[in-house]
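This report looks at charged side-chain pairs. The structure comes first, then the pairs one by one.

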Amino acid sequence: MRVAAIDCGTNSIRLLIADVKDKNGHPELHDIVREMRVVRLGQGVDATGWLAEAALERTFTATEEYARLIKKHKVDKIRFVATSATRDAGNRQVFVDGIRERLGVTPEVVTGDEEAALSFRGAADATGPLSPEDRVLVVDLGGGSTECVLGTVDGVTAAKSVDVGCVRMTERHLGSNPPTDEQQRQVLQDVDEAMDSVSRIVPLSQTTHLVGVAGTITTVTAHAMDLKSYNPDKIHGSTMSVDSIAKACKDLTAMTKKERAQLGFMHEGRVDVIGGGALVWRRVIERVVSATQGRVQSVTASEHDILDGIGLSLVR
């Protein structure tokens with residue numbers, strides 16, 4: 001079977017076309033196409049509650065391009081999943097109708113809990129085969145929201161989605177690059193409040209492995225690894241100390257836009273929001289380390305995430 005998965009978030013829209021093959025009784029995806037476009041669908045949503053016309057047009061243009069690729073590769077099944085920005089928008093029906101017209105399928109505006117489950121399914125393999133004792137916390141840090149999902153070899157045990165993400169925090173608090181100390185304090189306060197709500201649902205203290213997914217986290221990892229260009233093969237499955245990741249987060253937050261743009265691994269669509277995303281990721285890591293009383297001292301980055309989970313969900 002050949003499947004196409006589309007993940008439309010607050011900052012980017014991504015496409016995966018893959019062949020599904022059996023591996024020891026379990027489905028495995030073999031990539032044909034992986035594409036990402038930064039369309040900033042969530043531009044202004046936190047403040048206005050509406051999807052901006054320009055943001056919709058950027059998203060529709062990318063969808064038309066993806067539709068041509070899907071047709072070219074003769075896909076059997078398609079699933080289009082939309083997340084945080086679309087959940088929040090008062091005019092989301094315009095988005096739904098526009099995607100259906102261009103792609104022939106209805107986009108699913110999933111709940112935060114389903115988003116979390118899809119992220120876990122796609123990312124959990126980054127640490128390698130799981131043992132029955134492992135408790136993996138997958139953190140999917142997007143543009144508008146962050147999902148924290150704790151699971152085992154048998155699947156998700158607890159999950160919580162909270163409205164902190166790189167675009168939302170940048171638009172809400174960060175009026176300058178680099179941000180002032182007070183602006184950073186406001187972001188960290190929002191993240192602490194969000195993680196308080198996470199901890200009431202997700203038993204963070206049980207975590208044995210911490211896995212981070214999505215563009216903010218892989219970009220921070222690229223900086224921590226001192227990569228000269230973005231290399232997903234090196235990033236995927238890489239495990240680094242929490243101290244090295246925290247340092248990378250602080251470095252990226254302290255940079256100007258010009259300094260960030262000169263980094264070979266930095267996507268141009270992340271230059272203005274990576275500081276906010278790095279603040280969120282640093283605080284999340286600190287909270288997990290604290291909850292586990294220091295037992296978690298490393299972080300694994302995964303290039304496989306909700307997009308892979310969407311693809312695997314088509315195999316039911």
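## Asp308 and Arg34

Asp308 is buried, at 4% relative accessible area. Buried means under 20%, exposed over 50%, and partly exposed in between, using a 1.4 Å probe and protein chains only. Arg34 is partly exposed, at 31%.

The two side chains form a salt bridge, 2.5 Å from N to O. The term requires a side-chain nitrogen of Lys or Arg within 4 Å of a carboxyl oxygen of Asp or Glu. Asp308 sits in helix H13 (residues 306-313) and Arg34 in strand S3 (residues 26-38), so this contact ties together parts 274 residues apart in sequence. Helices (H or I, at least four residues) and strands (E, at least two) are DSSP runs numbered from the N terminus.

## Basis of the model

The model is predicted: local features need pLDDT of at least 70, side-chain atom pairs count only at pLDDT 80 or more, and totals for chains, interfaces and linings use all residues. Residues are numbered from 1 along each chain as its sequence is written, and side-chain values use heavy atoms, leaving out hydrogens and water.

## Glu65 and Arg37

A salt bridge joins Glu65 and Arg37, with N to O at 2.6 Å. Glu65 belongs to helix H2 (residues 53-72) and Arg37 to strand S3, 28 residues apart. Glu65 is partly exposed at 27%. Arg37 is partly exposed at 25%.

The structure holds 24 salt bridges. One of them pairs Asp192 with Arg283 at 3.2 Å, N to O. Asp192 lies in helix H7 (residues 181-201) and Arg283 in helix H12 (residues 274-291), so the pair connects parts 91 residues apart in sequence. Shared partners join Asp192, Asp196, Arg282, Arg283, Glu286 and Arg287 into one salt-bridge network.
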